[in-house]
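Colleague: I'd like a close look at a single part of this one. Could you pick a helix and walk me through its surroundings?

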Amino acid sequence: MRDLLGRNAISGPRGLLVWVTDALSADSAATIMETLPDPSSEAVPETAKLLKQARQRLVLQIDAGVLPSGKAVAKLFPLKSPISRLRYRKYARKEFINYHEAAARKVCVPHVYAYLEKRHFGFVAGSGIVIEWLEGQRDLLDIASNSPQGYAQAAQLGIPALVAMYDAGAMHIDARDENIFLPEQDPTSGYCVIDWQYASFHDPRSEWMLEHLAAYYIRNAPTDQRTALCDAWLLELHRQAHHSVDFESFSARVLALLGARQSVRARLQLRPAK
């Protein structure tokens, strides 16, 4: 994907620079170019729907009539501070690269259509990516929280996604329930993992990777479900992953990580619990 970013960008409206992937035809790219939002602005366009907002981040649903669903997702990073503009590569650009690395490792992720930049006096004042709108899918948090089986039982639907990342050596730093999407009609028929800004890539089935994925998932689940997840859910994760260590040792590692609350850097490096 760095090869794609090494090519000359397409000049879009309002001074946008756009790198389009092969997921869009030339005609589709030309059409969608006219509707792309300004990644340097925190304003939500009238034609877009705000899905999520945080500091220096907007997630929008945008019109994309050339795509089958008629919609796409634009994740934008308006970079206001001089430091963030100097470090612009860690925002949308990094996520763009990580999405493609995860896909290359056979982890199911949304199609990625474009990377965007808006420059001001030579500095990147905003960046963004445009990805597939997951039509007919719901996030695992929504599915499990509303399941008559109860959250902990329904959360087992997300285990194939965690095992796939473990098998691929893809350490997603925010692999929580709301970033795992499942088909609404048949949640057992597949999965899709979003939000790849922070990730690291290692040898497949690396030591301590599954433990880190499990501990993070449990820590970010609803508070009243964490104890239950440490029981049958964790056992089922261990079984599906065919982990090389016995369940008692695996469980002890996960519990140690839950007590350690390691930094993002430690989790990216798969650092064992002390």
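Modeller: Let's take helix 7 and see what lies around it. First, the ground rules: this is a predicted model, where local features need pLDDT of at least 70 and side-chain atom pairs count only at pLDDT 80 or more, while totals for chains, interfaces and linings use all residues. Residues are numbered from 1 along each chain as its sequence is written, and side-chain values use heavy atoms, leaving out hydrogens and water.

The chain has 11 helices and 12 strands; these are DSSP runs numbered from the N terminus, with helices being H or I of at least four residues and strands E of at least two. Buried here means under 20% relative accessible area, with a 1.4 Å probe and protein chains only.

Which residues of helix 7 are buried? They're Ile159, Ala161, Leu162, Val163, Ala164, Met165, Tyr166 and Ala168. These pack against strand 9 (170-172), strand 10 (180-183) and strand 11 (192-193), plus helix 8 (209-219) and helix 9 (226-241), where contact means heavy atoms within 4.5 Å. Just past the end of helix 7, Gly169 has a positive phi of about 75 degrees.

Now look at one of those partners, helix 8. There, 11 of the 11 residues are buried, so helix 8 is largely enclosed too. Among them are Met209, Glu211, His212, Tyr216, Tyr217 and Arg219.

Definitions and conventions: Buried means under 20% relative accessible area, exposed over 50%, partly exposed in between (1.4 Å probe, protein chains only).
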